[in-house]
Amino acid sequence: MSAPHRFDRGHTDDLMTFLAASPTPYHAVANAAERLEKAGFRQVSETDAWEGSSGGKYVLRGGAIIAWYVPEGTAPHTPYRIVGAHTDSPNLRVKPQPDSGAHGWRQVAVEIYGGPLMNSWLDRDLGLAGRLTLRDGSTRLVNVDRPLLRVPQLAIHLDRAVSSDGLKLDKQRHLQPVWGLGHDVRDGDLIAFLSEELGLGEGEVTGWDLMTHSVEAPAYLGRDKELVAGPRMDNLLSVHSGVAALAAVSSGSEPSSIPVLAAFDHEENGSQSDTGADGPLLGGVLERSVFARGGSYEDRARAFAGTVCLSSDTGHAVHPNYAERHDPTHHPRVNGGPILKVNVNNRYATDGSGRAVWAAACERANVPFQSFVSNNSMPCGTTIGPITAARHGIKTVDIGVAILSMHSVRELCGADDPHLLANALVAFLEG
């Protein structure tokens, strides 16, 4: 019989708290900002003139956050060390006219965001969370974190073929959740309900960005609690480790590099937005930091030329029931340390020199790492890595933590890997 794990689980406990408190990208960046504030960081507004003082700063825009720490005495041409991640996860999002229903059931009209494993959303107790925009232009976060909605699966008695032919779901017809009973669909019911939850007046809400989430809490799993099951690990696991690493290195940073956390929205649908990795947010923030410290365009070019980004996103652990789907010589294991992602067709941005940067960081942190490459017969996904490299001309390396059930409403990782990732990120940010 194997001995129980004795790994320090403080970081993983905190990750589980972060996951539960961050049902949407807007909540994730608010929670990240709160943690950075406690580490001495201060928010700066994009509409204000920036001054070139040292210290920790961050910018919030929608579901994205860019945070950086300028050590005392930092020259304008100092390069950056960036941890990149994304805050969004595949889910069901509320449509502009949400109130619907049929046959005595009250329902909420939803749209599919990203590429979720749709069957994993069936028969789950779902909450509702997101951002409400008020008549005066301000926004309020809302989180109904209790059983409110449910997408009921058709009983096997009415779908006998499901056992032989597999489950077939129509995205429009079969994924609309129920949330009550009633024959009369009343426009405005859902928003009125959420307004009441926040104590807002009638008609005060004029816009919304709302999405469903499972209300089941993250939990340790297994006899020895070696695993963690929870929502949105893709990719809040990386966001959480990035925040922890940036907070850890900020007080002792040397002026040889500027540590940065860049957590973007909309990775799951292409990153093409003002808060996505394919937008101008990161480049604008880094440039303004150079210019605020008295730098020139030449200083900006020098800083970018020496910059390195780690694109941290979850990857695939070898699946015990589907091992043939993986490359036969690359089988990343959970609790085996973070993974280095490689794809010669640039679906990942890693090259040999980038591997050396990552290997050096892991060696300094005494963290083991594994390599991931896809089976040649199965095209791999992509990340913000290639986008960041191409848009900003900076060296980028794709890394992450190996998990199972990616894009499910509830994913699975090793309980030790999040802390190992954070330790490696600290060593990388320290340069």
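How many residue pairs are in polar contact across the interface of domain 1 and domain 2? The rule finds 4, with both residues at pLDDT 80 or more; a polar contact here is a pair of N or O atoms within 3.5 Å, where one must be able to donate a hydrogen and the other to accept it, and residues adjacent in sequence count only if both atoms are side-chain atoms. Keep in mind that this is a predicted model, where local features need pLDDT of at least 70, side-chain atom pairs count only at pLDDT 80 or more, and totals for chains, interfaces and linings use all residues. Numbering runs from 1 along each chain as its sequence is written, and side-chain values use heavy atoms, with hydrogens and water left out.

**Domain layout**
- The domain assignment (automatic or from a database) gives domain 1 as 7-87 + 230-428 and domain 2 as 90-212.
- Their C-alpha centres sit 31 Å apart.

**The interface**
- On the domain 1 side, 18 residues are in contact (heavy atoms within 4.5 Å) with 18 residues of domain 2.
- Putting the two domains together buries about 1400 Å² (accessible area lost, 1.4 Å probe, summed over both), and carbon and sulfur atoms give 64% of that.
- Tyr-26, His-407 and Val-409 lose the most area on the domain 1 side, together 41% of what that side buries.
- As for salt bridges (a side-chain nitrogen of Lys or Arg within 4 Å of a carboxyl oxygen of Asp or Glu), the count between the domains is 0.
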